[in-house]
Amino acid sequence: MEEYLQLFKSETDFYNQIVLGSLLPENIWRSLPHVCRTWLRNYVAGVLVYSITGFLWCFYIYYLKRDVYIRGDAIPSMKTMVLHVKASMRSLPWFAALPTFSEYAVENGWTKCFSRISEVGWFAYLVYIMAYIVFVEFVTYWIHRKLHDIKPLYKYLHVQHHSYNKQHKLSPLAGMALHPLDGLAQGAPHTIALFLVPTHLTTHLTISFFGAIWTANIHDCIDEKLWPIMGGGYHMIHHLSNRHNYGLYTIWMDWMFGTLSHPMSDGTKPN
């Protein structure tokens, strides 16, 4: 068992070396305890993913494709986008704690994670991934919905994110502009799933960081019309109405539980 758990530690050491070794002088991070190196790697990677994805996506839809996807009067101001960045940067150190805890739990054998796909076979691997995604989608939906339904949670946590309640107040940079506890609550299903569903560690980490990219996508206010994807058109309705489209990656949970609202053909919310 000890040898098997060492595989996970070697894997996270490898990721630490790739990210930290490529970006920071070795004397800054090499002497840190393993868990601190892991947090630093998740934080640095999170900042990079957020910044690169958010800024490039804003540049593309607001400048290179100005008036193609978003009409000019709906483009957020520079001041608004700076507010998004400031709120995100305050929260990202806290958000990095969640994948760090996930990896710590995996390395100590507390979860159902496995290191190699060959241990379970491709069929089982695909079944487990589908179960993982369904679990994450279901639990995230209800956490998000309760952040609206339970008034103190909304007032003290979620309202910060919903201060961006008009199209010109939303941008791809707003995806991480959350109260730290709000972001941790909505990210927690990815970690909880590891204790319940056999999951390939690298796949879990990939999905987690894909989620960071996804938050940029669903805050761009563009209706991609890719059923059953929870795109920016659906999520814009959520910000405008405060009562529809709580899902993460898909619209299935909203459809199942009666909270789905479709964008109109011109990209606006229905009456």
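Visitor: Why does Trp252 count as partly exposed?

Guide: In this predicted model, Trp252 has a relative accessibility of 43%. Buried means under 20% and exposed means over 50%, with partly exposed in between, so Trp252 at 43% is partly exposed.

Visitor: And why is Trp227 called exposed?

Guide: Its relative accessible area is 67%. The cut-off for exposed is over 50%, so Trp227 qualifies.

Visitor: What makes the aromatic pair of Trp227 and Trp252 edge-to-face?

Guide: Two values settle that. The ring centres lie 6.4 Å apart, and a pair needs centres within 6.5 Å. The planes stand at 70°, and edge-to-face applies over 60 degrees. The pair links distant parts of the chain: Trp227 sits in the loop between α9 and α10, while Trp252 belongs to helix α11, 25 residues apart.

Visitor: Why is the pair of Trp39 and Tyr43 called stacked?

Guide: Here the angle between the planes is 5°.

Visitor: Are Trp39 and Tyr43 buried, exposed or partly exposed?

Guide: Trp39 has 31% relative accessible area and Tyr43 has 23%. Since buried means under 20% and exposed over 50%, Trp39 counts as partly exposed, and Tyr43 does too.

Visitor: How many aromatic pairs are found in the whole structure?

Guide: The search finds 17. There is also an aromatic cluster formed by Phe138, Tyr141, Trp142, Tyr246 and Phe257.

Visitor: Which residues touch the most other members of the largest nonpolar core?

Guide: Tyr50, Tyr62, Ile70, Leu92, Tyr164, Leu173 and Met176 do, in a core of 24 residues. Helices α3 and α4 each supply at least two residues of this core. Leaving aside neighbours within four places in sequence, Leu92 is in contact with Tyr43, Gly46, Val47, Tyr50 and Met176.

Visitor: What makes the phi of Asn245 worth a look?

Guide: Asn245 has a positive phi of about 60° although it is not a glycine. This residue lies in the loop between α10 and α11. With 0% relative accessible area, under the 20% cut-off, Asn245 is buried. Asp67, in the loop between α3 and α4, also has a positive phi, near 70°.

Visitor: How do helices α6 and α9 pack?

Guide: They pack at an angle of about 35°, with axes 12 Å apart. The crossing is right-handed. Tyr125, Ile129, Tyr132 and Ile133 of α6 meet Thr203, His204, Ile207 and Ser208 of α9. By class, that contact has 5 nonpolar, 3 polar and no charged residues.

Terms used
Residues numbered from 1 in each chain as written. Predicted model: local features only at pLDDT ≥ 70, side-chain atom pairs only at ≥ 80, totals over all residues. Heavy atoms only, no water. Axes fitted to C-alpha atoms, helices over the stretch in contact; angles between N-to-C directions. Helix = DSSP H or I, 4+ residues; strand = E, 2+ residues; numbered from the N terminus. Left-handed = near helix turned anticlockwise from the far one by under 90°. Contact = heavy atoms within 4.5 Å. Nonpolar A, V, L, I, M, F, W, Y, C, P; charged D, E, K, R; others polar. Core = buried A, V, L, I, M, F, W, Y, C linked by side-chain atoms within 4.5 Å. Buried < 20%, exposed > 50% of the residue type's maximum accessible area, 1.4 Å probe, protein only. Phe/Tyr/Trp six-rings, centres within 6.5 Å; stacked < 30°, edge-to-face > 60°.
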